Amino acid sequence: MQRSIVNSYELRNDFPIFRKKINGKELVYLDNASTTQKPYTVIDSITDFYSNYNSNIHRAVYQLAEEATNMYEQSREKIANFINVRPEEIIFTRNTTESINLIAHSWARTNLKKDDVIVITEIEHHSNIVPWQILCQERGTRLEYVGVDGNGFLDLEYMIELISSRKVKLVSLSHMSNVLGTIVPIERIIKIAHEHDIPVLVDGAQSVPHMPINVKNMDCDFLVFSAHKMLGPTGVGILYAKKEYLDKMTPFMGGGDMIKEVFKFHTNYNDVPYKFEAGTPNIADVVGFGAAIEYLEKIGMENIRKHEIYLTEYALESMSSLDYITLYGPRDTKYRGGVISFNIADIHPHDLATIMNDHGIAIRSGHHCAQVLMERLDVPATSRASFYIYNTKEEIDKFVNAIKEAGRIFKI
Amino acid sequence: MSDDIYREIILDHYRNPRNKGKVENADVTVHDSNPLCGDEIDIHLKVDEGVISDVKFEGKGCAISQASASMLTELVMGKDLKIVKDLKKEDILENIGLTNLGPARIKCALLSLKVLKVGMIKYYSENDPQSADQIRNESSLY
C-alpha cells in the first residue's frame, strides 16, 4: 500500500470542529460525501467579509461596494481556474440541486420537445432524477435509464445503443456515485455523446472535491457541484456551462442584477453570467468558497486523491477481514473514490449509526438520496463511511473497532 | 448508550417478531413510512364488538421500529378500543423500555403507534366521527 503525502494529523489543527467531543470521545467525522468540515481560513474569510467589506455588489460606486464586488468576482475567477474554464462560464447557485434545476428550467425546458429523450443512470442522486421527471411531466419528454451492475459500473453498450437509436437530447450523469464511490469513465461517455451531437451534464458533486478536474480535457457541456462538499460554506453551488449554451439559455429567475434595462412590459437581460444570478447573491459565502479553493490548491488535488485512495484501501482491507460485513462498490481504487457503503449481518444501518455515535463516530445510514440505486442493489438501506483530507488511519481503526462493538451488542 | 438500547428483549422482538403477517378480512389496514430512514410499517386490525380481536404487522426497518411494532401488537391484542384510543407516546416508550432515545430515534420507536392511531381514525371515521376527531386532536404524533 502506498503512503499518503497529505499530513492529515497536522491538517486537523486547521479545523476547529475537531476540538469538539462527542460522548466524551474525539469526533471521527466520516460523512464527507454529505458535507465536509470547514477550516479556519474559510470561517475567518466570512467573518472578515462581514467585518470589513460588507456591502451589496454590482451596483453602488462607493469604495466598500467596489471591494465587495472584487472579492465576489475574484472567487469566480478562482473557481474558474480551479476547473480550467473562463470566469463568465461560472454561475453561482445555492447548491448542486439548484444548478441542475437551472439547466432543466433554462436550457432543457426551451430546447427539448415531446418524445425527446434524456438519458440518466441508475446511480443518480435524487437531484439528477426529480428535475427531469418534472420536465417530462410538463413537456412530454422521456426519461431513460442506463443500468448499472452490482458495483455501479454502467452498461455502456446500452448507453451507446440508446444514443444511436433514440432522439436523445441530453445525457446527464454523476461522475462519481455518492453511494458506491464508483467513478464512471466520463471522458469516454462525453466523447460518445458528442459524436452524436448530444450535450452532457456532469454531476460533479462527489468528484470535484476529491480529484483534479480539468473541464477543457473532459469537454463536458455542463458541470455542477457544491462548495460545502469541498470545505466551503453551505449555500453556494456552481454551475459551469459552455458559453455557447449560456448565451442561448433563458433566465432562471427574474429580478435585480440579472437585467440591463427594465421597461414597463419588457426587459433586456444582463450578460452572462449575471443573467442567471437574480437578486442579491450569497456574497459572504462565495468569498468563503474562494478561501476553500485556495486551501485545497495548497494541498493539491492530486495529493487529496492519493490520500483518499490510501485511506480507502486501508479501510476496505480492514473491513473485509470481518466475515459478517457486506461491502458494496468496486474493490479497485482506480475506479473508486473515498466512499464505502456496507451492511453488517442483520444490523440495520440506523442501529449501526446509533452505536457508532457512542464512539464519537459520524457515519451516514439510509438510502443516501439514491433510492433508484438502492432498488437496483436490492437493499433498503446501507451504512456509508466517506473520507476527506483530515481523516487518518487511526480513525479508520476506531471505525472498524466500533463495527466489532456493534457485532458484540447485536450478538453476531 | 447502545448497550441500554439494544437489550436482549429488543433484539428478540427484532429477530423473532410477534404477530407478524396479515389478518384475513381485516377491518382496517394502514401503511406508513418514515421518509428519513425508510422504516415501513403496515398494521392490520380486526375489531369485534369494540375489542381488537386480531392485530398483525408487516414492516422493515431498524431494530427499534420493528421491535416496537412487535411489542405494540402484544400490548393491544384483545384490548378494548377505548383503552387503545388513549395510548400515549410515553406508554409506548415505557412499553419497550426506551425512555432515553434522541429525537431521531424516537420517531423509529413511535412509527407503529402512529400507524395504529391512523388505523383507528380510519375505523372510527365511519361510525363514530367524534372519536376519530378526538384521536386526531389528542395525538401529538402528526
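Biologist: Which residue follows H7(A), and is its phi positive or negative?

Modeller: Helices (H or I, at least four residues) and strands (E, at least two) are DSSP runs numbered from the N terminus. H7(A) is followed by Asp197(A), whose phi is positive, near 60°. This is a predicted model, in which local features need pLDDT of at least 70 and side-chain atom pairs count only at pLDDT 80 or more, while totals for chains, interfaces and linings use all residues. Residues are numbered from 1 along each chain as its sequence is written, and chains are lettered from A and ligands numbered from 1 in the order in which they are written.

Biologist: Which residues of H7(A) are buried?

Modeller: A residue is buried if 20 or more other C-beta atoms, placed from the backbone, lie within 10 Å of its own, exposed if 12 or fewer, and partly exposed in between. The buried residues of H7(A) are Ile186(A), Ile189(A), Ile190(A) and Ala193(A). They lie on the same side of H7(A) because they cover an arc of only 100° around the axis, taken from the directions from the helix axis to the C-beta atoms. Glu187(A), Arg188(A), Lys191(A) and Glu195(A) are exposed, on the face turned away from that buried side.

Biologist: What covers the buried residues of H7(A)?

Modeller: Contact means that two C-beta atoms, placed from the backbone, lie within 7 Å. The cover of these residues includes helix H6 (156-165), E7, E8 and helix H8 (215-218) of chain A. Angles run from 0 to 180 degrees between N-to-C directions, with axes fitted to C-alpha atoms, for helices over the stretch in contact. Helix H7 (residues 186-195) lies across E7 and E8 of chain A, at about 160° to E8(A).

Biologist: In what order do the strands of the seven-stranded sheet in chain A run?

Modeller: Strands pair if DSSP finds at least two bridges between them. In chain A the order is E4-E10-E9-E8-E7-E5-E6, an open sheet with mixed pairing. Its edge strands, E4 (90-93) and E6 (142-146) of chain A, each pair on one side only. On average, neighbouring strands of this sheet are turned by 20° against each other, direction ignored. E7 (168-174) and E8 (200-203) of chain A pair in the parallel sense over four bridges, and Ser174(A) in this structure stands opposite Asp203(A) in E8(A). Helix H4 (residues 96-111) of chain A lies across E4, E7, E8, E9 (222-226) and E10 (237-241), at about 35° to E10(A).

Biologist: Which domains does the assignment give for chain A?

Modeller: Domain bounds come from an automatic or database assignment. Domain 1 of chain A is 8-30 + 300-409, and domain 2 is 43-297. Their C-alpha centres lie 28 Å apart. 24 residues of domain 1 of chain A are in contact with 22 residues of domain 2 of chain A. On the domain 1 side, the largest share, five residues, comes from H11(A).

Biologist: How many residues of chain B are in contact with chain A?

Modeller: 14 residues of chain B are in contact with 13 residues of chain A. Helix H1 (2-5) and helix H6 (103-127) of chain B each give two or more residues to the chain B side, and the largest share, three residues, comes from H1(B).

Biologist: Which strands form the open sheet of chain B?

Modeller: Three strands, in the order E1-E2-E3 (chain B), form it with antiparallel pairing. E2 (40-48) of chain B and E3(B) pair over nine bridges. Ile41(B) has Gly59(B) in E3(B) as its bridge partner. H6(B) packs on this sheet, touching E1, E2 and E3 of chain B, and its direction makes about 140° with that of E1(B).
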